[in-house]
Amino acid sequence: MRCIEISKPGGPEVLVAAERPAPVPKANEILVKVAAAGVNRPDILQRMGRYPVPPGASDLPGLEIAGEIVALGSSANIYKIGDRVCALTHGGGYAEYCVTPEVQALPVPRGLTAQEAASLPETFFTVWSNVYDRGRLAPGESLLVQGGSSGIGVTAIQMAAAMGNRVFATAGSDEKCAACVKLGAEKAFNYRTQDFGAEVMAATGGKGVNVILDMVGGDYVPRELKCLAEDGRLVFIATLGGWKTELDINDVMRKRLSVTGSTLRPRPVEFKGAIARRLEEVIWPLIEAGSIKPVIYKTFPLAQASEAHKLMESSQHIGKIVLAV
């Protein structure tokens with residue numbers, strides 16, 4: 001099979017085309033002929049040598065795919081050969097064939113292309129796990145999404161809006177803020193020209209938001225604690241602004257705040273499988289009804305994976321970047 005390897009830790013140029021034998025599914029896995037693969041920030045970190053591959057996983061980048069099942073492991077019994085699926089993988093998505101645990105696969109939503117379906121798993125698993133499971137966003141509550149124009153951001157905005165939550169977002173330009181509002185955010189704040197904390201407090205009548213989904217960290221954290229409502233929850237999924245911050249414990253105690261976070265890739269297969277079933281039950285019908293739509297900024301051929309990484313690192317995109325295999 002054709003695939004994209006990381007020749008050594010480094011910039012986008014270290015992604016090189018190669019050929020390898022197609023993988024063989026283990027008992028609980030399926031083998032998918034990949035039609036498209038999503039590009040995500042963890043792929044960038046892995047390419048740079050900063051995101052370790054879990055034991056037993058492929059060293060090829062790529063955490064989400066869509067395509068057709070061509071082989072089943074001996075214990076696989078949910079799907080059959082020929083089914084169209086999209087799936088969260090342990091790695092190996094930048095290739096013509098990829099194995100994944102069967103429970104981490106979902107049927108391609110009706111009406112979606114393979115490229116659209118490939119843009120779903122990584123962000124939808126992440127948002128559900130962190131906003132609804134860890135963040136416990138409840139009906140009637142409000143959510144602030146940092147980085148609202150990213151792949152995670154457009155998913156979080158649409159999912160929360162479709163579930164009836166009040167949504168706010170931040171982004172780095174007026175154009176991106178307008179895109180966030182179009183996707184369902186009540187208001188979006190340009191973090192380069194506006195104080196998002198003050199804007200959130202004004203928009204909520206001084207109450208603050210119930211949950212913040214944060215991929216920035218760093219100096220955002222003190223401001224986030226100030227604009228959380230009582231019993232609010234701050235959930236970290238990345239640290240693009242830095243690993244370390246100052247924490248005002250008085251804010252945490254006075255408003256009974258919870259600070260949490262997670263990474264998805266190291267979690268057990270059973271954990272991810274449970275998320276998949278909840279997505280299929282709650283969110284897939286909203287996608288098929290058109291309440292939530294894939295947002296693809298640009299698609300590249302597999303051989304141009306390095307160009308896709310360059311685009312992601314430029315942060316010019318709104319939504320997802322996808323590889324057509």
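Predicted model: local features only at pLDDT ≥ 70, side-chain atom pairs only at ≥ 80, totals over all residues.
A search of the whole structure finds 18 salt bridges, and the cavity count comes to one of 30 Å³ or more.

**Surface patch**

**Salt bridges between separate elements**

- Arginine 166 and glutamate 186 meet through their side chains in a salt bridge, at 2.6 Å from N to O.
- That pair links distant parts of the chain, 20 residues apart: arginine 166 belongs to strand β9 (residues 166–171), while glutamate 186 is in the loop between α5 (174–183) and β10 (187–190).
- Both partners are partly exposed, arginine 166 with a relative accessible area of 33% and glutamate 186 at 39% relative accessibility.
- Another salt bridge joins arginine 256 to glutamate 230, with 3.1 Å between the closest N and O atoms.
- Arginine 256 is in the loop between α8 and β13 (258–261) and glutamate 230 is in strand β12 (residues 228–236), so this pair ties together parts that lie 26 residues apart in sequence.
- Arginine 256 counts as partly exposed at 42% relative accessibility, whereas glutamate 230 counts as exposed at 52%.

**Other salt bridges**

- The side chains of arginine 223 and aspartate 219 form a salt bridge at 3.7 Å, N to O.
- In this pair, arginine 223 is partly exposed at 30% relative accessibility, and aspartate 219 is exposed with a relative accessible area of 56%.
- A network of salt bridges links Lys226, Asp248, Asp251 and Arg254.

**Cavity**

- The largest cavity holds about 50 Å³ of space.
- Its lining consists of Ser119, Leu120, Thr123, Phe124, Val154, Thr155, Gln158, Ile292, Lys293, Pro294, Val295 and Lys320.
- By class, the lining of the largest cavity divides into six nonpolar, four polar and two charged residues.
- Helices α3 (121–134) and α4 (151–162) each supply at least two residues of this lining.
- The most comes from α4, which gives three residues to the lining of the largest cavity.

Methods
Residues numbered from 1 in each chain as written. Heavy atoms only, no water. 1 Å grid on protein atoms, 1.4 Å probe; cavity = no way out; pocket = protein on both sides within 12 Å on 5 of 7 lines; lining within 4 Å. Points joined across faces, edges and corners; volume = space filled by probe spheres on them. Helix = DSSP H or I, 4+ residues; strand = E, 2+ residues; numbered from the N terminus. Nonpolar A, V, L, I, M, F, W, Y, C, P; charged D, E, K, R; others polar. Salt bridge = Lys/Arg side-chain N within 4 Å of Asp/Glu carboxyl O. Buried < 20%, exposed > 50% of the residue type's maximum accessible area, 1.4 Å probe, protein only.
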